[in-house]
Amino acid sequence: MTPLDFDARHLWHPYTNVMDPGPMHLISSAEGVWLTREDGGKMIDAMASWWCAVHGHRHPAIIAAMQAQLDHLPHVMFGGLTHTPAIELGKRLTDMLPDGLDRIFYSDSGSVAIEVALKMAVQNQMAKGHSGRAEFATIRGGYHGDTWKAMSVCDPVNGMHGLFRGAMSIQHFLPRPSVALGQDWPEDLALNGLAALEELLDRQGDRIAALILEPVVQGAGGMYFYHPSWLKGARELCSAHGVLLIFDEIATGFGRTGQLFAMQHADVVPDILCVGKALTGGHITLAATIATEAVARGIGESEASVLMHGPTYMANPLACAAAIASLDQLKQRDWHHEVSAIAKQMEHELAPACDIPGVADVRVLGAIGVIEMESVVDPRIAHAQAPKTGVWLRPFARNIYCMPPFVISGDELSRVTAAMVNLARGEA
Ligand SMILES: *Cc1c(COP(=O)(O)O)cnc(C)c1O
C-alpha cells in the first residue's frame with residue numbers, strides 16, 4: 001500500500017468524504033510561501049494553511065525560538081505552575097491589544113477559545129445575579145468553530161452545521177449586517193440593520209448572556225465584509241442592555257484585514273476577544289480568550305470563584321514560544337505595508353474576474369481576496385489543478401479565495417491571482 005493509499009483508506013480529513021476523499025497531495029516540507037510535495041513538485045500556499053502562516057512556513061526566527069524552547073521545557077501543566085513563555089506572550093498581547101482587554105486565558109484551538117468565551121459570559125452574568133441569561137445572540141453567516149457550543153452560534157442554515165440543527169441549543173440569530181464594507185452607512189436603524197438587534201434585546205435581552213460575532217469579516221461563513229459602523233451600534237445596544245459583546249478574531253487577528261485587529265476598523269472594544277490561527281504564525285496550535293478586568297473580576301468574586309475550564313495543554317510553552325517569536329516578527333517587519341501592497345495588487349489582478357460569466361462578486365480587504373461565484377465550487381477541481389498551476393487553493397461554498405502569507409512576493413501573488421481567475425473561468 002502506498003502512503004497515499006493508506007491515507008485514503010484510514011485517515012479522516014476535514015470536511016472531506018472519508019470513503020471518497022478525492023485528490024490528495026503528500027506534503028514533505030514547507031518553506032516561506034512554498035509547499036513541497038513528496039514527488040518534488042512545489043505549490044504556493046495561497047491559503048497560508050487556513051489563514052495561519054502569515055510569515056510563511058518555517059520562519060527562521062520562529063523555528064529558532066521553538067528549538068530553544070524544546071531544549072528547556074516543551075510542556076508543563078499550568079495549574080499551580082507557570083513559565084516565562086506564557087508571561088512574555090501575555091505581555092506582548094496586552095501591549096498590542098486595546099486598553100481594557102488584559103485578562104488572558106490560553107487554550108489549544110480556536111473552537112476551545114470560543115467555548116471558553118461563552119462560558120466566561122455565562123459565568124459573568126451569573127456572578128451579576130443574572131442566572132437567567134444563558135442564551136446567545138449572533139448574526140447569520142457567522143462561523144465560530146466545530147465544537148458543540150461553538151457550532152450553535154454558526155450560521156444555522158449555510159454554516160457547516162445545519163445537519164445538527166435538531167440537536168443544537170437554540171440561539172438568537174439576527175440578519176447578517178446588510179450594509180457592506182465600503183457602502184454608505186445610513187444612520188436610520190431600520191436601514192442599517194441595527195433595528196433587529198435593538199428589538200431582540202428589548203424583547204429578550206434578559207435571557208441573553210452575550211452577542212458573539214466576527215468583526216467586519218465573516219470568514220468560513222461566506223467571506224463577507226460588512227460595515228464597521230454596525231459594530232459601533234451593537235456595542236452601544238449591548239452595553240445598554242447588560243449583554244456582553246464577544247469578538248471572534250480567530251481568522252481576522254494579527255494584520256489580515258489591514259488593521260492589527262479587525263475591531264480597529266470600527267474602534268470598538270468587546271468585553272471578550274478570541275484569537276488563534278495566526279497567533280503562532282502557523283507553526284503550532286494555540287489560541288487565547290482575553291477578557292476585560294470587569295468580566296474577570298465578576299467571575300473571580302462570584303460564588304463559583306473560578307472559571308470552569310482548564311485544558312490539559314493550557315499555555316503549552318512550546319506554542320507560547322512560537323507565538324512570542326511570531327508577534328515579534330509582526331512588530332519588526334512592516335506588516336502594514338506588506339498587507340496594503342497585497343491588497344492593491346489583488347484589487348488590480350482580480351478585477352478582470354468581474355467580467356467572467358458566473359462570477360457574482362469580486363472583493364478584497366487587506367490580504368483577503370475573494371471571487372464569489374453564483375454557484376458552489378467543487379474544491380476537488382482546485383486540488384487536482386494545483387500541481388499544474390503551482391498554486392494551492394481550497395475554495396469553499398461559492399468562494400474562490402486566497403489568504404496568502406504576508407511575505408509573498410509580487411510575482412508569486414500574480415501566480416495566485418491568475419490561478420484564481422482561471423479557476424473562476426473554468427467554473428463559469
Ligand atoms: C477557524 C476559526 C475558528 C475555529 O478555530 P479552530 O482552531 O479550527 O478550532 C473559530 N472562529 C473563526 C472565525 C475561525 O476562522
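This is a predicted model: local features need pLDDT of at least 70, side-chain atom pairs count only at pLDDT 80 or more; totals for chains, interfaces and linings use all residues.
Lys277 places a polar side-chain atom 2.6 Å from an oxygen atom of the ligand. For Asp248, a polar side-chain atom is 2.7 Å from a ligand nitrogen atom. Gly110 takes part through its backbone: a polar backbone atom there is 2.8 Å from an oxygen atom of the ligand. And how much of the ligand does the protein bury? Taken alone, the ligand exposes 390 Å², and the protein buries 82% of that.

Let me move on to Gly129. You'll find Gly129 in the loop between helix H5, residues 110–127, and strand S5, residues 135–139. Is Gly129 buried or exposed? Its relative accessible area is 59%, and the cut-off for exposed is over 50%, so Gly129 counts as exposed. In sequence, Gly129 and Ala304 are 175 residues apart, while in space their C-alpha atoms are 12 Å apart.

Last stop, the start of the chain. Met1 lies in the segment before helix H1, which covers residues 3–10. With a relative accessible area of 70%, Met1 is exposed too. Together with Phe6 and Leu11, Met1 makes a nonpolar surface patch of about 340 Å².

That's my tour, so over to you for questions!

How values were computed
Residues are numbered from 1 along each chain as its sequence is written. Side-chain values use heavy atoms; hydrogens and water are left out. Helices (H or I, at least four residues) and strands (E, at least two) are DSSP runs, numbered from the N terminus. Buried means under 20% relative accessible area, exposed over 50%, partly exposed in between (1.4 Å probe, protein chains only). Patches are made of residues with over 30% relative accessible area and no salt bridge: like charges are joined within 9 Å, nonpolar side chains (Val, Leu, Ile, Met, Phe, Trp, Tyr) within 5 Å. Accessible areas come from the Shrake-Rupley method with a 1.4 Å probe; for residues, only the protein chains shown count as cover. A salt bridge is a side-chain nitrogen of Lys or Arg within 4 Å of a carboxyl oxygen of Asp or Glu. A polar contact is a pair of N or O atoms within 3.5 Å; within protein, one must be able to donate a hydrogen and the other to accept it, and residues adjacent in sequence count only if both atoms are side-chain atoms.
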